[in-house]
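Give each task a go before you read its solution.

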Amino acid sequence: MTTTPAIDIDRLNVTYGGFHAVKDLSFQVEQGELYALLGTNGAGKTSTLEVVEGHRTASSGTVRVLGKNPADRRAVRPRMGIMLQESGFSPDLTVAESARLIGRLSGRTDSVDRVLRVVDLTDKADTRVAQLSGGEKRRLDFATAVYGRPELIFLDEPTTGLDIQSRDALWNAVEQLRQDGSTIVLTTHYLEEAQQRADRIGLMHRGTFRHEGTVAELTRTLPAAIQFSLPAGAPAPLVQAGPAADGSYVIETFDLQTDLKQLLDWAHAHDVELSGLSAAPTRLDDVFRAIESDPVSA
Amino acid sequence: MFSIARSELLQILRNRAVLISSLIMPLAASAFFVYQRDVFTLIGSVGYVGAVIVFTIAAFSLYATTVTTLAARRQNLFLKRMRSTAAGDAAILTGLVLPVSVISLVQVGVILAVFTRLSGAPTNVPLLVVAVAATFVMMLALAVATAGVTNSPEHAQVTTLPLSLGVIAVTSWVGITGTEQLGTLKRILPGGAATELIVHAWDGGVPLSDSLLLLAPTTAWVVVAIALASRMFRWEPRR
């Protein structure tokens, strides 16, 4: 038995000003999952998000959010929290006033105190938004998006400008919401975040999906990499590639464990210290770079 | 809607520039007209002074302020933030224009009350109220329309000039020269019929049926203004 997907998109097309931003896009976001919608600049993910959030109408195709038309604000928004890419706060209102206003308009009940505590802005409650730093504004944004614990949350580049503690706090809060069953749609340029936290990823390029699937599925197509450097005077290792200009070696392998063992055995046998040793599966960054350099097939 | 209105009121009270241009300046101008009422009465009539007061408040406290604040709310993406909640467009817009409208109405009420004390009561108070209400609704709708083509609060200083000065000019023209000559033209211009209505309501001496006829162009302008507003208003900055 399958439950209704939280978001169901079928052959979505978005055109504006003669520009075909989204071409026949179809995908679903299941309830309770964290879905990362990623893409190169101009890939159409902002337009897609805007349609799903209800800010823009589709040129064609069907979009169902929580079973309803996203443009039906009254029906959908009380169950949905949105963290926009750019905070739209009034500079003359205080933190608490802004949170109270957006909270009231969200259609859900909660306390301003609680959401400010989640983002650690309680001692700034009476500060005007104009005097907040960029990171603090972002945290306020997050607080208003999760007001009332909505069942569907959109996070558009949530950690931009946040220091490491704030980022951790934000992801802790997201984790809490996920445990309560909320569905999260994330867009971010910090690909490590998507790689670490997303259940599934949709990678857009030029209006359509280039890849969609779990992180493992996406990174399987590219080799893993082993990196290390050798001290001066060390014997040359038995590897295909020679050292790079800065003396470091990169071994690309589809069998990370075997090749790593081989390298470690060699280093042990020759009593060589491998400095800066790192062995990791492909990062999403590399998947991205592969897309950008690879011409799109029709 | 009322949460939005309350936040809007807070933002207006905390913004010194808006306070001066919207609260103080029009009040000062109106006070000047009341102070010089004898001169103005000679040029036009007592009703003319009333009309000038109404249109000064309508053009500056209501129209120019609304255009400026709506443009500012759009520019800093506050409008977009409002629209990403469960609130509907109508509730948002109403909440945003409510404080300025109430402030302007209170201003006009107070000034006209003071003026009445000094120069005598208007002949037909209900008709005056209708005329003032129609004027205010028209100017409010025109403000929403003008906000659609205004990119920023600074830009508003330019975009509000044509209508605010134009309406004052029309009021003066009609109030001073009356409507025997070029009557049709004067009544078609925005604020023209409303001015005549205010003058009649205040001075009296004109049959009620004639005055009621003036409601037609006045109402027509209200309808046109609302139509323009719904077509021209933008919620997001142009990308």
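## Exercise 1: A sheet around S10 of chain A

Strand S10 (residues 224–229) of chain A and S11(A) run antiparallel and are joined by six bridges. This is a predicted model, in which local features need pLDDT of at least 70 and side-chain atom pairs count only at pLDDT 80 or more, while totals for chains, interfaces and linings use all residues. Residues are numbered from 1 along each chain as its sequence is written, and chains are lettered from A and ligands numbered from 1 in the order in which they are written.

**Task.** Find the bridge partner of Ile226(A) in S11(A), then work out in which order the three strands of the open sheet lie.

**Solution.** 
- Step 1. Ile226(A) has Ile251(A) as its bridge partner. Helices (H or I, at least four residues) and strands (E, at least two) are DSSP runs, numbered from the N terminus, and two strands pair if DSSP finds at least two bridges between them.
- Step 2. The order in this open sheet is S11-S10-S12 (chain A), with antiparallel pairing.
- Step 3. Strand S11 (248–253) and strand S12 (275–280) of chain A each have a single partner strand, so they stand at the edges with one side lacking a neighbour in the sheet.
- Step 4. From one strand to the next, the twist averages 10°.
- Step 5. Helix H9 (residues 256–269) of chain A lies across S10, S11 and S12 of chain A and runs at about 15° to S10(A). Axes here are lines fitted to C-alpha atoms, for helices over the stretch in contact, and angles run from 0 to 180 degrees between N-to-C directions.

## Exercise 2: A sheet around S1 of chain A

**Task.** Trace the open sheet that holds S1, S2 and S4 of chain A, and say which helix packs on it.

**Solution.** 
- Step 1. The three strands follow the order S2-S1-S4 (chain A), and their pairing is antiparallel.
- Step 2. Strand S2 (19–29) and strand S4 (60–65) of chain A are at the edges; each has a single partner strand, so one side of each is left without a neighbour in the sheet.
- Step 3. The twist averages 25° from one strand to the next.
- Step 4. Helix H1 (residues 45–53) of chain A packs on the sheet and touches S1, S2 and S4 of chain A, its direction making about 120° with that of S1(A). Contact between two residues requires C-beta atoms, placed from the backbone, within 7 Å.
- Step 5. Five bridges link strand S1 (residues 7–16) of chain A with S4(A) in the antiparallel sense. Among the facing residues, Ile7(A) has Val65(A) as its bridge partner, and Ile9(A) stands opposite Val63(A).
- Step 6. S1(A) and S2(A) are joined by seven bridges, with Val14(A) opposite Val22(A).
- Step 7. The hairpin of S1(A) and S2(A) has two residues between the strands, and Gly17(A) takes a positive phi near 55° there.

## Exercise 3: Chain B and its helices

**Task.** Describe the make-up of chain B, then take apart the packing of H6(B) against H7(B).

**Solution.** 
- Step 1. Chain B has 13 helices and zero strands.
- Step 2. The radius of gyration of chain B, taken over C-alpha atoms, is 18 Å, close to the 18 Å given for 239 residues by the globule rule (2.2 Å times the number of residues to the power 0.38), so chain B is as compact as a globular protein of that length.
- Step 3. The C-alpha trace of chain B spans about 55 × 30 × 30 Å along its principal axes.
- Step 4. H6(B) and helix H7 (residues 125–148) of chain B pack at about 145°, with axes 12 Å apart.
- Step 5. Val97(B), Ser101(B), Ser104(B), Leu105(B) and Val108(B) in H6(B) meet Val132(B), Phe136(B) and Leu140(B) in H7(B). By class, the residues of this contact are six nonpolar, two polar and no charged. Ala, Val, Leu, Ile, Met, Phe, Trp, Tyr, Cys and Pro count as nonpolar, Asp, Glu, Lys and Arg as charged, and the others, Gly among them, as polar.

## Exercise 4: Where the chains meet

**Task.** How many residues of chain A are in contact with chain B, and which helix of chain A gives the most?

**Solution.** 
- Step 1. On chain A, 22 residues are in contact with 18 residues of chain B.
- Step 2. H3(A) gives the most to that side of chain A, with six residues.
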